Amino acid sequence: MPALSLEVDNLSAGYGPTRVLEGISLSVSAGARLAVLGRNGMGKTTLLATLAGQTRRYEGQIRLGGSDVSAAPGATRARKGLGYVPQTRCVFPTLTVEENLFVGLKGRPKTALEEAYTLFPRLKERRRNLGNQLSGGEQQMLSTARTILGLPSVLLLDEPLEGLAPVICEELMVAFADLAKKGDMTILLVEQRIQSALDFADQVIILERGRVAWTGTPEALARDQQALERLLGVGGLH
């Protein structure tokens, strides 16, 4: 399945009676890379969870490749090509790495596992280990690889580098860049490591209190000292 565009129009969503997102609009063309930035608690995780169908939508539209999925359950969105790697690194602790990956194949032949091992050679070394025997970084690789094996057209990544050693972060970002270069996936990346996100993305939005407060290119944000300080709390980028 080729990469799909993602369009969000005037989206408001949250949990129960609590609205977290208000009037979010964005457009990501097929094969593009969007970084979603913002301070903690500004709605970034809620945005990805809403796109994946895991929150309550109050109003607004979500279109995947032009198809309206606003009212579709999460499983339907997944079948239409949406892949979601949550911050929680949902791996099956009592299954081996290989068994975890089998779950992501979605009917594809077992030989497709080599795609995951090519992307993350460390997983091949650990393929007989149980999920609960992996480090945090290895669990992140496993969670990501399992989702990617399903060949999503739009991939949502929620803080994949959180709490990981620099060498693991570098491995992950190289893998994400390789996926993006192939043009088979549209990728939305929520990440606190601002420079890593900007190096990866070709467009950026910043959320503040559940609304889009800034939008533009990574290059424009790097030059916008006021936005960096006011919206992200950083004095500059290196």
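Me: How many bridges join β1 to β4, and which way do they run?
Reply: This is a predicted model. In it, 7 bridges join β1 to β4 (residues 56-64), and the two strands run antiparallel.

Me: Who stands opposite S12 in β4?
Reply: That's E59.

Me: And in which sense does β1 pair with β2?
Reply: Antiparallel, over 7 bridges, with β1 covering residues 6-15 and β2 residues 18-28. One spot to look at is L11, whose bridge partner in β2 is I24.

Me: What about the hairpin of β1 and β2, how many residues between the strands?
Reply: 2 residues, and G16 takes a positive phi near 60 degrees there.

Me: Switching to α1. Why call it largely enclosed by the rest of the structure?
Reply: Because 7 of its 8 residues are buried (the helix is residues 44-51). Among them are K44, T46, L47 and L48.

Me: Which residue just after α1 takes a positive phi?
Reply: G53, at about 85 degrees.

Me: OK, now D158. Where does it lie?
Reply: D158 lies in strand β7, residues 154-158.

Me: Is D158 buried or exposed, and what's the nearest side chain of opposite charge?
Reply: D158 is buried, yet has no salt bridge. The nearest side chain of opposite charge is K44, 7.2 Å away.

Me: So which side chain does D158 have a polar contact with?
Reply: T45, where the side chains are joined by a polar contact of 2.9 Å.

How values were computed
Residues numbered from 1 in each chain as written. Predicted model: local features only at pLDDT ≥ 70, side-chain atom pairs only at ≥ 80, totals over all residues. Heavy atoms only, no water. Helix = DSSP H or I, 4+ residues; strand = E, 2+ residues; numbered from the N terminus. Buried < 20%, exposed > 50% of the residue type's maximum accessible area, 1.4 Å probe, protein only. Lys, Arg positive; Asp, Glu negative; His and termini not counted. Salt bridge = Lys/Arg side-chain N within 4 Å of Asp/Glu carboxyl O. Polar contact = N/O pair within 3.5 Å; in protein donor to acceptor, adjacent residues only side chain to side chain. Pairing = 2+ DSSP bridges.
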